Amino acid sequence: MFNEEHNLAPLRWAMVGGGRGSEIGHAHRAAAHRDNLFQLVAGAFDLDAERGREFGTNLGLDPGRCYPDYASLFEAEAARDDGIQAVSIATPNSTHHAISLAALKAGLHVICEKPVTFTVAEAEELKAEAQARGLVFGVMYGYSGYQMLHQARAMVQSGELGQVRMVNMQFAHGFHSQPVEQVSSGAKWRTSPAVSGPTYVLGDLGTHIFYAGQFITGLKVERLMCHRQSFVASRAPLEDNAQVLLQYQNGAVGSLWASAVNAGSMHQQKIRVVGEKASIEWWDEYPNQLRYEVQGEPVRILERGMGYLAEGDNAVNSNRIGGGHAEGFFESWANVYHRYALAMQGAEARRNGTDTQHLGLSEQELESLWFPNIDAGIEGVRLLECCVESSDNENRWVAF
């Protein structure tokens, strides 16, 4: 799956945000560079222009391409023959819509952190702009690159579980059991409505596992009911704990627990899919294993990298090393970025009127290539809108 097999020139790439001290910024750069399909050539890394320039030059960039803000970045790079082709947006939630829209209007492919916007209407606007310009818009559900989630999806699609009856999802760590936002700038903006938006843990954590549930099962939500709590009172009206009940269009039911106050827990991002014949369960703290339980038979633990697994999407082989070796967070992100790159290269070829043979993928494979796109982002924002509506109206059921 690596770039040397594709023999592609890396996409010229920039970042907005993700500067010094940003854990998520490092994750983006590590993932983008893993297969040499992106080359970081520019950025607007920090609200403090000098600090951003210093950080960019430490990364090896030309100081003249370390810009004070995203508007300067997009304008200056558009005037260069070797200007950027894509940008990743790793900034707080309140800025996503404006930066993404400006990037699309500058003709750039976009990879944006989630939640992609505050409202579904804003997200739909970004989708329309990307489609009109033939641009790729990815939403960074980075955990979705774990190979065993794709195995889970293949098992549901093949009918090994029978009809899906229940989907139980959770992402419930304990690191914010106390008011850590008093000393942590990252926690501070996440608990500020003006910056975080109408939710805290539902947007920050819940959307990740919700996307995993949609990706694995393919089920569509019909309606939901949400109950939100602010156990650290100063965070109100934003929740640090939430429970959501879901009803799917096929009659299946689901639950989603998002929490930052699950004291003692490291991560607890889990999903269990229960079918009429069997169940599967995945936990991101043990990402290489998928638990497979057939009624009346011993439990099977399926392992990453083994020949008995499904082949995935047949377009990209996500195995970077043989079974038995631990692969984790950065590999998952790199798997997602790899697909972003192929989709963007395909879009560039279409825009330039050239074929896609150099990608090693057929047009059909490119069309069906999986990656978390703007539609995934829209569904995540819809989840948040519906949860707020339900919670603010005495936890009533609301149509999705």
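**Close-up views of a predicted model**

**Figure 1. Strands E7 and E14 pair in the antiparallel sense, joined by two bridges.** The model shown here and in the following views is predicted. Leucine 224 belongs to strand E7, which covers residues 221–229. Strand E14 (398–399) is an edge strand of its sheet and pairs on one side only.

Figure 2. Leucine 224 counts as buried because its relative accessibility is 0%, the cut-off for buried being under 20%. Leaving aside residues up to four places away in sequence, leucine 224 touches Val244, Leu245 and Leu246, together with Leu383, Cys386, Cys387 and Ser390, and also Arg396, Trp397, Val398 and Phe400. The C-alpha atoms of leucine 224 and phenylalanine 400 are 6.7 Å apart, although 176 residues separate the two in sequence.

**Figure 3. The pairing of strand E7 with strand E8.** Eight bridges join E7 to strand E8 (residues 241–248), and the two strands run antiparallel. One of the paired positions is histidine 227, whose bridge partner in E8 is glutamine 243.

**Figure 4. An open sheet of nine strands.** The strands follow the order E13-E12-E11-E10-E6-E9-E8-E7-E14, with mixed pairing. The edges are formed by strand E13 (300–303) and strand E14 (398–399), each of which pairs on one side only. Elsewhere in the sheet, strand E10 (residues 269–275) and strand E11 (residues 278–283) run antiparallel and are joined by five bridges. Across this pair, valine 273 has isoleucine 280 in E11 as its bridge partner.

**Figure 5. Strand E4 (residues 109–112), covered on both faces.** In a regular strand the side chains alternate between the two faces of the sheet. In strand E4, His109 and Ile111 lie on one side and Val110 and Cys112 on the other, and all are buried. Strand E3 (residues 86–90) runs parallel to E4 and is joined to it by four bridges. Among the paired residues, valine 87 has valine 110 in E4 as its bridge partner.

**Figure 6. Histidine 33 in helix H2 (residues 23–34).** Histidine 33 counts as partly exposed because its relative accessibility is 38%, a value between the cut-offs of 20% and 50%. Apart from residues up to four places away in sequence, histidine 33 touches Trp13, Phe38, Gln39 and Leu40. Proline 10 lies 23 residues from histidine 33 along the chain, and the C-alpha atoms of the two are separated by 9.2 Å.

**Figure 7. The whole protein, as context for the close-up views.** The secondary structure comprises 13 helices and 14 strands. The radius of gyration is 21 Å, close to the 21 Å that the globule rule gives for 400 residues, so the protein is as compact as a globular protein of that length. The C-alpha trace spans about 65 × 50 × 40 Å along its principal axes. Of the 400 residues, 56% are buried. Among contacts with a separation of 6 or more, 70% involve residues 24 or more positions apart. The protein exposes about 16900 Å², of which carbon and sulfur atoms supply 49%. There are 32 positive and 47 negative side chains, and the centres of the two sets lie 2 Å apart.

Definitions and conventions: Residues numbered from 1 in each chain as written. Predicted model: local features only at pLDDT ≥ 70, side-chain atom pairs only at ≥ 80, totals over all residues. Heavy atoms only, no water. Buried < 20%, exposed > 50% of the residue type's maximum accessible area, 1.4 Å probe, protein only. Contact = heavy atoms within 4.5 Å. Rg over C-alpha atoms; globule rule 2.2 N^0.38 Å. Areas by Shrake-Rupley, 256 points an atom, 1.4 Å probe, with all protein chains shown as cover. Lys, Arg positive; Asp, Glu negative; His and termini not counted. Charge placed at Lys NZ, Arg CZ, Asp CG, Glu CD. Pairing = 2+ DSSP bridges.
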